[in-house]
2 protein chains.
Amino acid sequence: MSHPSLIAVDWGTTGFRLWVLDSCGNTLASIDGPFGMSNLEPSDFGRVLEESLNELGIGQDVPAIICGMAGAAQGWCEAPYLLAPTRLDELGAGAIRVSNTSREVCILPGVKQQSPANVMRGEETQIAGLIHLVPDFHGIVCLPGTHTKWVRVADGAIIEFETCMTGEQFAFLSKASVLSHSMPDDGWSDCAFQAAIRLVADDPAAVPRRLFAIRADMLVAKQTSAQARATLSGLLIGQEFMAVRQYWLDQTVTLIGVSALCELYLTALDIMGASGRVVEVSEITLRGLTAAYQHQQDGIGV
Amino acid sequence: MSHPSLIAVDWGTTGFRLWVLDSCGNTLASIDGPFGMSNLEPSDFGRVLEESLNELGIGQDVPAIICGMAGAAQGWCEAPYLLAPTRLDELGAGAIRVSNTSREVCILPGVKQQSPANVMRGEETQIAGLIHLVPDFHGIVCLPGTHTKWVRVADGAIIEFETCMTGEQFAFLSKASVLSHSMPDDGWSDCAFQAAIRLVADDPAAVPRRLFAIRADMLVAKQTSAQARATLSGLLIGQEFMAVRQYWLDQTVTLIGVSALCELYLTALDIMGASGRVVEVSEITLRGLTAAYQHQQDGIGV
């Protein structure tokens, strides 16, 4: 392969995505690894990174830039938060250099908000990538996932943001709660999902009693597994929408995330009377990482 | 001890409570066992019961009456549901006799509701005990727990009911979610609990974004573990209250459950402008089981 010039890594709670880039930003190779903050000790990160790069035959002279939970207090090396509102071209300047590595490894900061208190690590880099792609971007970004973020962006900066634990709650309720007996497989019903979104839009307070009803509907009314799983998803996403109403009302929301999940959010936005568009997540993340690296290098050069 | 006459068992999802009673209904011995529907195969129930009774030296001639999840499809032996609205003096008549046991073992039915779909197993027996104690009881019963029930009772019957998974969600969120890092111990803050109930009463839709804020408040604003845990409890119980508003509004609610949990529900009722009283759960459960057994015996005698 042509000469590798930069290692870009999005290192999250449960895994990492690593790209090897040439000097023009082209991807030479990429790896998805199953090791993240939740199953690594701080001292493990360096070894995991070097083992991955050894497999790809990448030398010690290629620098690495990392975003995400690797920079958390329980991660590899803590990268202090930037304080919102914050411009995102400052990400590179806020990066910290990991000590005791022969390779040059830098970790980008996350962003915190004082009131209401909130934190992000990784999403800020994706938003930086979006701004690099669309410099005059102004509006709402939603990043659906384990902890979905809703972010107000203007003038190259994160203005404010909210977080909902919708993905983590869906994983628990569908796989480990009493509701799991009603959804033994991965079946899906678009109709049931849409009906649940509508139900929450009409009566947001009903969600706590509608959750157990998913189990009861199976026992009493013989609902299918596909209906049960889609109803659970619709109730939780619908509830999230009602909690962050001031973010999407009368907006066209930019969605960054796994495409299947973004499709659900598009459906919910449509039912709620708003609209959305999806941006490809890998490209945006890479853009954010490389732009931050470049900015950092320029800074060092000054 | 004086001669044992009846074994009464409340057999739930995660464990059982067993009482040995004499012919006057006095408790001669009792056991709490860690084996419930979630960790027993149907073929295990009989062995677990006999091992417990062997330890107490109880002969095969003493009959047993059981309520709860032992009667579920995944339990010992399925006891079909009564259909709400249903009188509770029919519980004994609806009991099924477990086959292939040398001891006489009967399991009481649960109650199901067609629309909105709902089910209970165990709580109906506690409510039957309440009605046995207060024959003209008329009003709302709340049974806080893993799956909290809100039940409208009149004329000796369950009229309608709702279920909220508040206890199961609290257990997951406090012990296994990202929030668990913010509540490593069992600390508690009454002020934080009350503030969370008030917050939900003012803005019920906010709960999904207030959950992650518990974590963020710890990272950004240095909230204590006690505040975090009590806030989580208050958000979930407050959310439950808003979902079943039509049950407690302008009511004095009768609470049946663990006393510490009932105290939280009393506080929430007070903040919401309603009121409550607590009934001792063991006495009520025993009353329900023995009354159902007696009714069943009378029925057989007819």
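**Figure 1. The interface of chain B and chain A.** About 3,300 Å² is buried between chain B and chain A, with carbon and sulfur atoms giving 67% of that area; buried area is the accessible area (1.4 Å probe) that two parts lose on being put together, summed over both. B:R209, B:F212 and B:V220 supply 20% of what chain B buries against chain A, more than any other three residues. The model is predicted: local features need pLDDT of at least 70 and side-chain atom pairs count only at pLDDT 80 or more, whereas totals for chains, interfaces and linings use all residues. Residues are numbered from 1 along each chain as its sequence is written, chains are lettered from A in the order in which they are written, and side-chain values use heavy atoms, with hydrogens and water left out.

**Figure 2. Contacts and elements at the interface.** Chain B brings 40 residues to the contact and chain A brings 41 residues (contact: heavy atoms within 4.5 Å). Elements of chain B that give two or more residues to the side touching chain A include helix 3 (166-175), helix 5 (207-221) and helix 6 (225-243); helices are DSSP runs of H or I with at least four residues, strands are runs of E with at least two, and both are numbered from the N terminus. Helix 5 of chain B gives the most to this side, with 11 residues.

**Figure 3. Aromatic pairs.** Over all chains there are 17 aromatic pairs (Phe, Tyr and Trp rings, the six-membered ring for Trp, with centres within 6.5 Å; stacked under 30 degrees between planes, edge-to-face over 60, tilted for the rest). A:F45 and A:W76 are stacked, at 6.0 Å centre to centre and 15° between the planes. This pair links distant parts of chain A, 31 residues apart: A:F45 lies in helix 1 (residues 44-55), and A:W76 in the loop between strand 4 (64-68) and strand 5 (82-83). A:F45 is buried at 0% relative accessible area, and A:W76 is buried at 13% (buried: under 20%; exposed: over 50%; partly exposed: in between; 1.4 Å probe, protein chains only). In chain B, B:W188 and B:F193 form a tilted pair, at 5.6 Å and 40°; B:W188 is partly exposed at 31%, and B:F193 is buried at 1%.

**Figure 4. Arginines over tyrosine rings in chain A.** A:R121 lies over the face of A:Y81, at 4.3 Å from the ring centre (NZ of Lys or CZ of Arg within 6 Å of the ring centre and within 35 degrees of the ring normal). A:R152 lies over the face of A:Y247, at 5.0 Å from the ring centre.
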